[in-house]
Amino acid sequence: MSTLLLNIPVTQYMFYFLSFVAFLCAIMVVASKNPIHSILYLIITFFAIAGHYLLLNAQFLAVVHIIVYAGAIMVLFLYVIMMMNLNEDTESHKHIYLKFAAVGSALLLLITLVAALKGAEKLTAAAPLNTNVGLIKNLGTTLFGEYLFPFEVSSILLLAAMVGAIMIGKKDIK
Amino acid sequence: MTGILLQSAIISTPIEWYILLSAALFTIGACGVMFKRNAIIIFASVELMLNAVNLLLVAFSSYHSDASAQVFVFFIMAVAAAEVAVGLAILSMIYRNVKSIDIDVLSKLRH
Amino acid sequence: MLTGLLIVIPLIAALLTFFIKGKAARVAALGFSILEFAVSVFAWYQYKTEPLSKQLYLNCTWIESIGANFSVGLDGMSLLMVLLTTFLVPLIILSSFKNEYDKPNSFYGLILLMQMALIGVFTTNDGFLFYIFWELALIPIYFICLVWGGENRARITFKFFIYTLFGSLFMLVALVFLYQHTGMYTGIKSWAINDLYQAGRSLNASQQGYVFWAVFLAFAIKMPIFPFHTWQPDTYVNAPTQGTMLLSGIMLKMGTFGMIKWLLPVVPLGVANWGSWAMLLSVIGIIYASCIAIVQTDFKRLIAYSSIAHVGLIAAGILAWNQQGIQGALIQMVSHGINVVGLFLVADILFRHTGTREISKLGGIRNVNPWFAVLFLIILLGSVALPLTNGFVGEFLLITGVYGYGAWTAAFAGLTVILGAVYMLRSYQGIMLGESNSVTAGFGTLAPSDKAVLIIVCAAIIAFGVYPQPLTDLAEPAVKNILSSTK
Amino acid sequence: MIKLIGLVPLFPLIGFIINGFFGKKMGKGLSGTIASLSIAASFVVSLLIFMDLQKMPEKSVVVNLFSWINSDTLKIPFSFLVDPLSSIFLLIITGIGFLIHIYSIGYMHHDEGFARFFTYLNLFIFFMLLLVLGNNYLIMFVGWEGVGLCSYLLIGFWFKNTEYNNAAKKAFVMNRIGDLGFLLGIILIFFTYGTITYGDVFEKAHTGSDTIMTAIALLLFVGAMGKSAQIPLYTWLPDAMAGPTPVSALIHAATMVTAGIYMIVRSNIFYSSSEVASEVVAIVGALTALMAAVIGCAQTDIKKVLAYSTVSQLGLMFLALGVGAYSTAVFHVTTHAFFKALLFLGAGSVIHAMSNEQDMRKMGGLRKALPITWLTMGIATLAISGFPLLSGFFSKDEILAHVWEENKILWIVATLTSLLTAFYMFRMFILTFHTNFRGTAEQKHHLHESPKSMTIPLIVLAILSLAGGLLGLPEAFHGNNWISGYLSPIIAHRSPSTLSHETEYMLMGIATLVFICGAYTAYNVYQKSKVLPAASEKDMRPSERFIYHKFKVDEFYNAVITRPLNGISVAFHKFVESDLIDGLVNGVGTMVKWLSGVIRQLQTGNIGFYIFSMVLGVVAIIFWSVLK
């Protein structure tokens with residue numbers, strides 16, 4: 001492993017860099033008091049994750065991820081925050097014990113998660129690595145072949161969500 | 001070109017690192033959900049958690065050379081989008097009525 | 001086919017009745033119930049000519065994956081219960097003609113729905129279906145009591161509902177447990193009654209004990225047997241009279257019938273080990289309920305307790321598990337159904353004409369309306385099992401059956417003969433005899449519908465008392481059958 | 001003719017139905033006529049059947065009507081048996097029944113419930129006939145309970161009076177206590193012999209063990225105790241005098257109360273096979289006879305005196321049964337039916353004349369106003385007291401002779417009873433008909449002899465009371481004791497009398513002496529010294545008051561049975577039911593509710609808390625699965 005690390009430093013460094021950015025920004029999402037900042041940090045996190053996707057050979061997914069999350073969802077978030085005029089930190093502070101408890105239990109979660117996954121049997125990569133899985137062509141065949149029905153169902157879900165959002169958002173419902 | 005670059009990425013980085021990263025992101029998300037009171041930030045934290053899972057899925061997908069996991073990521077995205085759309089609509093509705101999205105204020109269900 | 005028809009007719013009738021507005025609903029309901037009675041009589045005729053006729057059985061695949069079938073059929077025992085149901089429901093509907101109920105269409109619709117569920121319970125040969133009908137019967141009566149009941153109806157009906165449901169859940173667990181043990185040889189699990197019998201008998205003694213108590217609890221609450229009876233008097237008093245009649249006249253028989261068909265043949269070892277405890281409860285219940293009936297002041301409540309006493313004797317007869325005991329139980333189930341409907345109608349008439357059911361406030365109605373007194377007396381005699389009334393045939397066989405179980409048990413169970421006379425005559429004297437007072441002086445004449453029901457009930461009481469052959473003919477072979485299958 | 005036995009109970013049934021449905025509309029004359037005619041028809045048929053039976057060699061005929069209850073081996077047909085025993089009872093029931101129907105037409109003439117009275121009376125005859133005609137124990141039981149019902153209805157005939165109603169209820173419930181014993185006896189017979197048909201049971205009787213036979217005999221005797229008013233179930237009979245007097249005559253003297261004797265004679269095989277049972281019967285009978293006679297001496301109500309006299313005579317009959325003199329008991333039933341019915345009807349005539357006054361202290365000197373009643377009642381009094389050569393003399397003497405043979409102590413008791421009987425009967429007779437009139441002037445003004453319809457039955461019964469002894473003329477009088485010979489086919493073990501004629505003459509002499517003593521004492525006290533019973537309770541001596549209150553047995557029962565039962569019932573109702581059992585049931589509900597209240601605190605409504613606990617839960621689950 002160490003030889004690999006020496007031999008191919010570029011991707012390794014990219015991994016470290018992206019991970020560092022993602023981790024830091026994620027913390028900032030939670031830590032910053034201004035909601036707008038939070039969302040902006042979240043966007044950076046998403047970009048970092050998209051970078052990971054690229055590293056992992058999932059190019060199409062990376063693109064979609066940016067379009068959907070950073071492009072659509074986060075804009076929606078910002079839009080709503082702006083609309084509500086929440087750009088300042090309006091929230092009163094939670095009790096300090098509660099914060100400790102939250103952080104504590106989160107750490108507990110982390111430990112258990114890591115422990116659980118560590119206990120899993122050693123993973124070995126599939127022998128011939130197929131670099132083409134992340135290509136549109138491949139994804140398309142899988143999506144419209146094996147997962148055609150769930151795909152259609154998810155479209156209904158989206159439609160329902162859309163209708164629901166409009167219905168809820170309407171000002172006065174008779 | 002990219003293929004070569006990325007092929008080496010998955011070989012060079014053991015899967016455990018991805019696991020660790022996703023776990024960390026997931027935990028941060030959970031932490032945010034737990035101690036923030038602003039409903040929108042809670043939403044954002046949930047998104048973070050979802051993305052942590054997505055990341056793990058993609059990592060395993062590459063590892064096993066299996067496209068299915070990436071398809072699942074699509075579905076998760078779809079669900080996340082739906083959730084955000086409805087959730088934010090509800091929040092704006094609540095804000096319109098209660099003038100707050102502080103979850104501690106929203107404890108009407110109790111009674 | 002006929003059996004299917006018997007279940008479907010009330011269902012359709014109920015649905016149609018829901019859509020009929022106003023008073024026409026009760027006429028329609030009466031018509032439908034009489035039609036149903038006619039069909040059941042035809043089924044009886046069919047049974048007489050060809051007992052195993054295909055007409056009487058229906059078996060359709062229903063939920064194949066769990067081996068549940070829509071399987072219904074009429075043997076002598078079921079036919080007896082079905083005839084009781086179809087005979088009583090028109091009477092119950094007719095007896096309501098003088099009561100003005102809100103939303104009559106729902107009221108009569110629910111009665112018919114109830115009839116459907118009851119017939120289902122009595123005819124089904126499939127454990128899964130049995131449970132469904134069993135619970136289905138609870139729903140209409142719940143609404144009847146809740147919507148048209150007396151003052152405390154919400155609390156009391158809730159208690160009744162939860163209590164019986166609680167018991168039924170134990171039965172469900174036991175049935176599922178039995179189901180898991182079916183198909184030992186074939187490997188195919190099934191809810192068919194014979195498979196459940198086989199499964200039950202293959203269990204070891206302690207397992208059978210658990211199944212016995214779980215199922216017994218459900219039946220004991222439904223009947224009810226001491227000490228699971230406390231929901232019953234309140235419910236009987238608070239429910240509208242027709243609801244009470246349905247509860248005591250027919251629904252109670254679900255429990256006793258269930259014991260004969262769904263409990264004792266299933267777990268013979270459980271019965272052998274624990275039956276004596278159940279018997280003890282039944283016998284205690286007889287004496288206990290009779291004693292309480294003696295000091296009741298409300299006539300309806302008195303009947304409620306007398307009903308507990310009677311049911312205790314029926315249960316004791318069943319638990320004795322011999323020809324006379326079970327046959328007596330079946331006949332007494334029919335007799336008790338008829339008598340108790342008559343008694344509750346009397347209580348209702350008293351309340352309608354005088355505004356009270358307190359025995360101490362009544363008195364001297366005999367002076368005002370001698371015919372009512374005579375009809376009441378006949379029903380009462382049926383209830384205290386005077387020979388040549390229907391009550392005697394059943395009670396004699398029951399005591400004989402219990403004697404076969406144990407002489408002292410029979411002696412204690414037989415105390416009902418004495419105590420029954422005490423509380424019944426006491427109430428008769430309080431209500432009917434003596435000088436009439438301001439409450440009873442204006443009692444007036446009976447409405448034609450009431451009179452008709454009372455006369456039919458009295459005629460049945462005497463007819464079956466003098467010539468019980470039709471009942472025994474139905475019951476005897478069925479009981480022999482079920483006894484020989486457990487030997 | 002015998003095949004038409006079904007007609008015998010059918011006529012009263014028809015009479016009952018006609019009177020029941022149309023009695024009120026028909027008017028009194030027609031209603032009474034139909035009722036009496038139906039009994040007359042029955043009587044005629046019974047008589048014909050009786051004649052037929054004499055000619056038959058086998059002396060017993062079974063007539064099957066239909067099969068009644070069927071349950072596997074328990075097969076109970078509705079069938080009738082005609083044999084010497086039932087034929088005698090048929091004649092008594094229909095004959096005396098007919099006379100009393102005639103009498104009632106006059107007696108009840110002013111009553112508004114006239115038709116109802118005859119309805120009940122006809123129904124009673126119907127059930128009584130079923131009782132004696134049945135060919136198995138259950139049919140007997142049908143009649144048994146049926147007559148109990150009629151007794152209930154007739155005691156409470158004047159249903160506006162609470163006291164009468166209570167008496168009726170008491171009679172029914174006490175009878176039911178006996179009935180339960182009877183029923184259990186029947187069931188035991190079934191389980192022992194597999195049948196309850198008389199012929200089959202008696203044939204196999206000895207296959208049962210001694211204990212079982214004793215048990216059967218005792219259980220049946222419990223039934224007889226209730227119906228025939230023996231200790232301890234006798235207290236209902238005196239109270240039963242609340243009914244109209246013809247009812248007392250028919251039901252509570254002549255017929256229904258003798259059902260117990262009929263039943264024991266019918267099942268005599270069990271008693272003759274069981275020493276214990278016979279002894280119990282004899283002792284209970286003797287005690288009842290003596291006790292009732294003592295109480296009878298202190299009563300002032302004319303009907304009460306007769307009621308206790310009935311109880312006492314029934315006791316004598318049971319004493320006879322207990323010593324194995326079955327046919328003698330039937331003989332005494334017959335003669336007793338004659339003279340006791342006569343006494344009651346005579347008393348009824350007196351009461352009728354006295355405008356419903358029953359207290360003997362307010363009567364006296366009625367001889368002139370009521371000559372026929374005086375004469376007939378005089379005959380009956382002589383008969384019951386054992387005046388030589390009258391019916392009661394023979395039957396009672398026969399009983400005494402049999403008791404003498406078996407047990408001298410019981411004989412003394414029985415003789416003492418006879419003495420008391422003579423005393424209180426003459427006391428009653430003298431207080432009623434002789435000495436001075438003590439009633440009000442108005443009553444005196446109204447005094448009249450009863451109408452023909454009432455006096456004719458009196459005369460007929462008086463003749464029967466005079467001549468009834470001919471039925472069982474003892475050998476000592478060169479008679480052949482017809483009744484004993486006639487009944488012999490149905491008696492399993494006959495113990496022919498071994499007494500020499502000399503002893504018999506001696507016993508008769510003693511009986512006569514006893515009669516004279518009793519009668520003379522009464523004459524001395526009430527006629528000569530003109531002693532009157534104390535006018536009110538205060539004037540009585542303590543012992544007298546104690547007897548007047550019937551040894552306080554009613555109070556004793558009240559304290560020992562009725563009140564504890566009520567107490568237990570109230571306790572059950574108030575405490576066990578609502579607090580204990582329902583409390584437990586509701587307690588479960590309350591507990592769930594309380595628990596929910598506690599757990600509900602977790603539902604803070606704070607989303608953060610929910611998420612927090614969710615995370616902890618997830619951690620716990622993962623942790624647990626990892627550890628596993």
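How far apart are the nearest C-alpha atoms of chain A and chain C, which do not touch? The answer is 25 Å. Contact here means that the C-beta atoms of two residues, placed from the backbone, lie within 7 Å.

Some housekeeping. This is a predicted model, in which local features need pLDDT of at least 70, side-chain atom pairs count only at pLDDT 80 or more, and totals for chains, interfaces and linings use all residues. Residues are numbered from 1 along each chain as its sequence is written, while chains are lettered from A and ligands numbered from 1 in the order in which they are written.

Chain B and chain C have no contact either; their closest C-alpha atoms are 22 Å apart.

Now chain C itself. Chain C contains 22 helices and two strands, taken as DSSP runs numbered from the N terminus: H or I of at least four residues for helices, E of at least two for strands. Its radius of gyration, over C-alpha atoms, is 21 Å, close to the 23 Å from the globule rule (2.2 Å times the number of residues to the power 0.38) for 487 residues, so chain C is as compact as a globular protein of that length. The C-alpha trace of chain C spans about 75 × 55 × 45 Å along its principal axes.

In chain C, 66% of the 487 residues count as buried, meaning that 20 or more other C-beta atoms, placed from the backbone, lie within 10 Å of the residue's own. Of the chain C contacts between residues at least 6 apart in sequence, 81% join residues at least 24 apart.

Last, chain D. An automatic or database assignment gives chain D domain 1 (288–548) and domain 2 (556–627). The C-alpha centres of these two domains of chain D are 71 Å apart.

Conventions:
Buried ≥ 20, exposed ≤ 12 C-beta atoms within 10 Å, placed from the backbone.
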